[in-house]
Amino acid sequence: MPSPQKSSLHPNNPFNKRYDLESLAKTLPELEAFIFTNQYDSQTIDFADPKAVKALNKALLLQHYDLKYWDIPDGYLCPPIPGRADYLFHIDEFLTKNRKGVEVKGDLIRCLDIGTGASCIYPVLGSQQFGWNFVGSEIDPKAFASAEKIITENPSLKDKIEIRKQYKSTDIFKGIVKKHEYYDVSICNPPFHASAEEAEKSTTRKLKNLKKFRKGEKPTLNFGGKSNELWTEGGELKFITNMAVQSKYHSHSVRWFTSLVSKSSNLKRIYEAIKQAGAKEIETIEMSHGNKTSRIVAWTYLVSAESRD
């Protein structure tokens, strides 16, 4: 099986240090209402409060990525910025490593984001942090409209990001990747859970860890999320194995296919599906954020000599 690589938060991630909440509140004054001093005499927010979480992440985006506007519809997934950024920092390092250490100018990198979401988060972070160009796919009409608005309201994003509608829920690349297009990498943060009940149990565990769960109450998602963002039939295992099967039909359009994998118990069957699809190489990159451990699985159908200069 492919051996894991790094297992710590990427050293280049700007969110390695504690948040400067005072500075963030100056960027986004509405955040100030959620800041309080805890028992350890440190400023913090209530991470079980969806409104506080959204305000914090909005402030991080406005301050660190020079956005003029960012918002998502009520109930849609609010992405934790440090973890999303970490995926891209690992991918940036991975692409450099696979070019034998030669860094490539950011605006020459073309990235495909599977399931961009209402937040448009990976294209925003990747274009602003690294200068990459993005095509994102989205099937949910409201999420599509939200991502489009984020792009149109920020001049720095207009020439860097294109969102395309996916009309068929069973298709991942078909209908999005056009003939003769080339992408250096595709990224994906698939729905982790296999059912609504599984997603609810996960939320309950998180709230218990935050000491915010009351028995008998329906858990509130502190990061929000619609059903299609949080769970899919068969969970991430079925989604990623389907992605592996479909990726072989676009083997010359994408240099590296990648996906986050939440559960290590799924890795064996994911590796098997990728190998059966005919991939030439598979690599796994370990990553962590706080108490959460995750990993990125990457595969390619092109041997090193076929890599684009």
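Helix H8 (residues 235–247) has 13 residues, which at 1.5 Å a residue should span 18 Å, and the end C-alpha atoms of H8 are 18 Å apart, in agreement with that value. The expected span of a helix is taken as 1.5 Å times one less than its number of residues. Helices (H or I, at least four residues) and strands (E, at least two) are DSSP runs numbered from the N terminus. The structure is a predicted model, in which local features need pLDDT of at least 70 and side-chain atom pairs count only at pLDDT 80 or more, while totals for chains, interfaces and linings use all residues. Residues are numbered from 1 along each chain as its sequence is written, and side-chain values use heavy atoms, with hydrogens and water left out.

Within H8, the buried residues are Gly235, Glu236, Leu237, Ile240, Thr241, Met243, Ala244, Gln246 and Ser247. Here buried means under 20% relative accessible area, exposed means over 50%, and partly exposed lies in between (1.4 Å probe, protein chains only). The buried residues of H8 pack against strand E6 (183–188), strand E7 (254–261), helix H9 (267–276) and strand E9 (292–300). Contact is defined as heavy atoms within 4.5 Å.

The chain as a whole contains nine helices and nine strands. Of its 309 residues, 52% count as buried. Among contacts between residues at least 6 apart in sequence, 70% join residues at least 24 apart. The accessible surface of the chain is about 15,700 Å², and 49% of this belongs to carbon and sulfur atoms. Accessible areas come from the Shrake-Rupley method with a 1.4 Å probe, and for residues only the protein chains shown count as cover.

A nonpolar core is a set of buried Ala, Val, Leu, Ile, Met, Phe, Trp, Tyr and Cys residues joined through side-chain atoms within 4.5 Å. The largest such core has 57 residues, of which Leu61, Trp132 and Ile187 touch the most other members. A second, separate core of 27 residues includes Ala244, Phe257, Ala273 and Ala279. Ala244 is also among the buried residues of H8. Beyond its neighbours within four places in sequence, Trp132 is in contact with Leu88, Ile91, Asp92, Leu95, Gly106, Ile109, Cys111, Gly126, Ser127 and Lys160.

Seven salt bridges are present in the structure, a salt bridge being a side-chain nitrogen of Lys or Arg within 4 Å of a carboxyl oxygen of Asp or Glu. One of them joins the side chains of Glu181 and Arg110 (3.2 Å, N to O). This pair links distant parts of the chain, with Glu181 in the loop between strand E5 (161–165) and E6, and Arg110 in strand E3 (residues 110–114), 71 residues apart. Glu181 counts as buried at 13% relative accessibility, whereas Arg110 is partly exposed, with a relative accessible area of 25%. The side chain of Glu181 also meets that of Arg164 in a salt bridge (2.7 Å, N to O). Arg164 lies in strand E5 and Glu181 in the loop between E5 and E6, so this pair ties together parts that are 17 residues apart in sequence. Both Glu181 and Arg164 are buried. A network of salt bridges links Arg110, Glu162, Arg164 and Glu181. A further salt bridge is formed by the side chains of Glu153 and Lys149 (3.5 Å, N to O). Glu153 is partly exposed, with a relative accessible area of 37%, and for Lys149, likewise partly exposed, the value is 37%.

Asp113 is found in strand E3. Asp113 is buried yet has no salt bridge, and the nearest side chain of opposite charge, Arg84, is 8.7 Å away. Not counting residues up to four places away in sequence, Asp113 touches Tyr122, Pro123, Phe134, Val135, Gly136, Ser137 and Ile187.

Asp66 has a phi of about 55° and lies in the loop between H2 and H3. Asp66 counts as exposed at 52% relative accessibility. His180 has a phi of about 70° and is found in the loop between E5 and E6. His180 is exposed, with a relative accessible area of 76%.

Terms used. Lys and Arg count as positive and Asp and Glu as negative; His and the chain ends are not counted.
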